[in-house]
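Trainee: Could we go through this model together? I would like to learn what stands behind each term.

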Amino acid sequence: MTTQLTPATGPASRVAGADRPVFGGSSLLTQIRVLTGRSLRAMVTDPGIVLFGLIQPVVILFVLTQVFSKMGMPPHFPNGVSYLDYVLPAVLVDNAAQSAMQSGVGLVEDQKNGMVARLRSLPVHPGALLAARSLVGLVRSAVQVLVIMVLAMTALGYSPHGGMAELALSAGLTLFISFSLGWAFIAAGAWLRRAEPLQNLALIVIFPLMFASSAYVPVEDLPAWLRVVASVNPLTYAIDATRALALDVPGLDHAIPALAICTVIAVVGMVAALRGFRRPL
């Protein structure tokens, strides 16, 4: 039986004997579940949403590995690690960032197609739709990470040195990165309310940060000025941590800064998204 969001005549109240607030007879968790299910069903009926998001990271993976694997490695490249092993964690982080941007685009689409206006006529908590968008983006990112890993293993012969358990932890960290960046782009979507500037913002932010990091070559082999940028780039910490888990190489000490930075981004994004979403349409 499908749970529906029902209208009510008053503000949020509390169910007798319960500690959680309800909005028109449904709790906040129920609203998030219903709205998340709605978006997931739309994603299942249109798999192109997931497949088109895979184009860029898959192309980057195949191009980089086919071009640079035939060339000499830079002086500080880890010993015994192929370029495919080195670059795959970076491709997964790049995919996480691209998937996070789609969470903001999805919110903009909900605002344009009237979904947000309809929800505002119901006693629905403002954060329910935002949380649903975040969860859908996390599911989309998880599917894409799985597909990329399977392609790398079957088509390119990828074999993680750290083992499957460490690879799963690396994937989990990648998904947390996607979750935190997703809230940043949801906040941007709530304030900008247009897909074009949001996508341009993502291009301006993500593209330079990926190349000014340890994504494709070790930081020590970058030009001096770029090395300074990479040393304070949050994506460097995230990529180094996921790479250390997947390949069992030094860099795991970057996991704590990566988690701390992602947590701050997520919290700030949540607050900013809720404030932007509450503005009049």
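Mentor: Let's start with a helix pair: the axes of helix 5 (residues 126-155) and helix 6 (residues 163-192) come within 9 Å and cross at roughly 140°. Before we go on, note that this is a predicted model, where local features need pLDDT of at least 70, side-chain atom pairs count only at pLDDT 80 or more, and totals for chains, interfaces and linings use all residues. Residues are numbered from 1 along each chain as its sequence is written, and side-chain values use heavy atoms, with hydrogens and water left out.

Trainee: What makes roughly 140° the angle for helix 5 and helix 6?

Mentor: Axes are lines fitted to C-alpha atoms, for helices over the stretch in contact, and angles run from 0 to 180 degrees between N-to-C directions. On that scale helix 5 and helix 6 cross at roughly 140°. The crossing is right-handed; that term applies if the near helix is turned clockwise from the far one by less than a right angle, and left-handed if anticlockwise.

Trainee: Which residues make the contact between helix 5 and helix 6?

Mentor: Contact means heavy atoms within 4.5 Å. Helix 5 brings residues including Gly-137, Ser-141 and Val-145, while helix 6 brings, among them, Ala-171, Ser-178 and Trp-183. By class, this contact has 14 nonpolar, five polar and one charged residues. Ala, Val, Leu, Ile, Met, Phe, Trp, Tyr, Cys and Pro count as nonpolar, Asp, Glu, Lys and Arg as charged, and the others, Gly among them, as polar.

Trainee: Why is Ser-99 called buried?

Mentor: Buried means under 20% relative accessible area, exposed over 50%, and partly exposed in between (1.4 Å probe, protein chains only). Ser-99 has a relative accessible area of 2%, so it is buried. Ser-99 is found in helix 3 (residues 83-112) and touches Gly-137, Arg-140, Ser-141, Gln-144 and Ser-178, not counting residues up to four places away in sequence.

Trainee: Is Arg-140 buried or exposed?

Mentor: Arg-140 has a relative accessible area of 5%, so it is buried. Its place is in helix 5, and Arg-140 and Ala-96 are 9.4 Å apart in space, C-alpha to C-alpha, though 44 residues apart in sequence.

Trainee: Why does Arg-193 count as buried?

Mentor: Its relative accessible area is 19%, so Arg-193 is buried. Arg-193 lies in the loop between helix 6 and helix 7 (195-211), with a positive phi of about 60° although it is not a glycine.

Trainee: And where is Phe-77 placed?

Mentor: Phe-77 sits in the loop between helix 2 (48-68) and helix 3. With a relative accessible area of 7%, Phe-77 is therefore buried. Leaving aside neighbours within four places in sequence, its contacts are Ser-82, Tyr-83, Tyr-86, Pro-218 and Asp-221.

Trainee: How do you know how many helices and strands the chain has?

Mentor: Helices (H or I, at least four residues) and strands (E, at least two) are DSSP runs, numbered from the N terminus. By that rule there are 10 helices and three strands in the chain, running β-β-β-α-α-α-α-α-α-α-α-α-α from the N terminus on.

Trainee: How much of the chain is buried?

Mentor: Buried residues make up 48% of the 281 residues. Among contacts between residues at least 6 apart in sequence, 76% join residues at least 24 apart.
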